[in-house]
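Subject: A structure for you to look at

Hi,

Here's the structure I promised to pass on.

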Amino acid sequence: MKPAGFDFEQGRRRRNLYLPKMILNLLIGTVVISLTVLIHTFGLIAITHAMGHLVARFRMHGRRSRIVAMISVVMGLFAIMTTEVWLWAGLYRLLDIFADFETALYFSTITFSTVGYGDIVPAHAWRVLAALEGVNGFLLIGWSTAYLIAAGTRIGPFKAGEHF
């Protein structure tokens, strides 16, 4: 029994229009997520090498030098995540999802950080891509947090055994 006022044929046509766009969203999202994971991986390797160099060069034993080391790690993480947000924003602009780069960057920042104010939204056809950026940002921010904790207990002001 068909519900009153529901057109099954129209529903099928609508589904057939959105399915290719959804697959395109998933394919593009997979490529960009792969790129951000590469950026993050090589960025963390660079931070690790830089910290190894700083520790060896300046023999970081004092409290002030450990704080400087942690500030360096945080700024490095911020630079990595900024690059990833700009990559997503560039994609939105390339796909002409937003009219200007400033709007694309704002949307990318609030989506990547999972704040999601909702004052700017992509066109209906690109919602899945935006959702993928949110999941991507959530995972990469979590990865950065784990790295920051490891750095804080290894070389930073929270060395294991000193405070806890």
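Predicted model: local features only at pLDDT ≥ 70, side-chain atom pairs only at ≥ 80, totals over all residues.

Let's begin with helix α1 (residues 8-58), which gives the largest share of the nonpolar patch, 5 residues. Helices here are DSSP runs of H or I with at least four residues, strands are E runs of at least two, and both are numbered from the N terminus. The patch covers about 490 Å² of surface and is made by L19, M22, I23, L26, L27 and V128. Nonpolar side chains (Val, Leu, Ile, Met, Phe, Trp, Tyr) are joined within 5 Å, and like charges within 9 Å. Areas come from the Shrake-Rupley method with a 1.4 Å probe, and for residues only the protein chains shown count as cover.

Residues are numbered from 1 along each chain as its sequence is written, and side-chain values use heavy atoms, leaving out hydrogens and water.

V128 lies in helix α4 (residues 127-154). Why does V128 count as partly exposed? Because its relative accessibility is 31%, and buried means under 20%, exposed over 50%, and partly exposed in between. V55, which sits in helix α1, is also partly exposed because its value is 28%. From V55 to R66 there are 11 residues in sequence and 9.1 Å in space, C-alpha to C-alpha.

Now the whole chain. It has 4 helices and 0 strands, in the order α-α-α-α from the N terminus. Of its 164 residues, 31% count as buried. The accessible surface is about 10600 Å², and 69% of that belongs to carbon and sulfur atoms. Among contacts (heavy atoms within 4.5 Å) with a separation of 6 or more, 67% link residues 24 or more positions apart.

Last, the pocket. The largest pocket is lined by F78, M81, T82, V85, W86, T109, F112, S113 and I141. α2 (63-94) and α3 (101-112) each supply at least two lining residues, and α2 gives the largest share, 5 residues. A pocket is an open set of points on a 1 Å grid over the protein atoms alone, where a 1.4 Å probe fits, with protein on both sides within 12 Å along at least five of seven lines; lining residues have an atom within 4 Å of a point.

Cheers

Note on methods:
Patch = residues over 30% accessible without salt bridge, like charges linked within 9 Å, V, L, I, M, F, W, Y side chains within 5 Å. Salt bridge = Lys/Arg side-chain N within 4 Å of Asp/Glu carboxyl O. Buried < 20%, exposed > 50% of the residue type's maximum accessible area, 1.4 Å probe, protein only.
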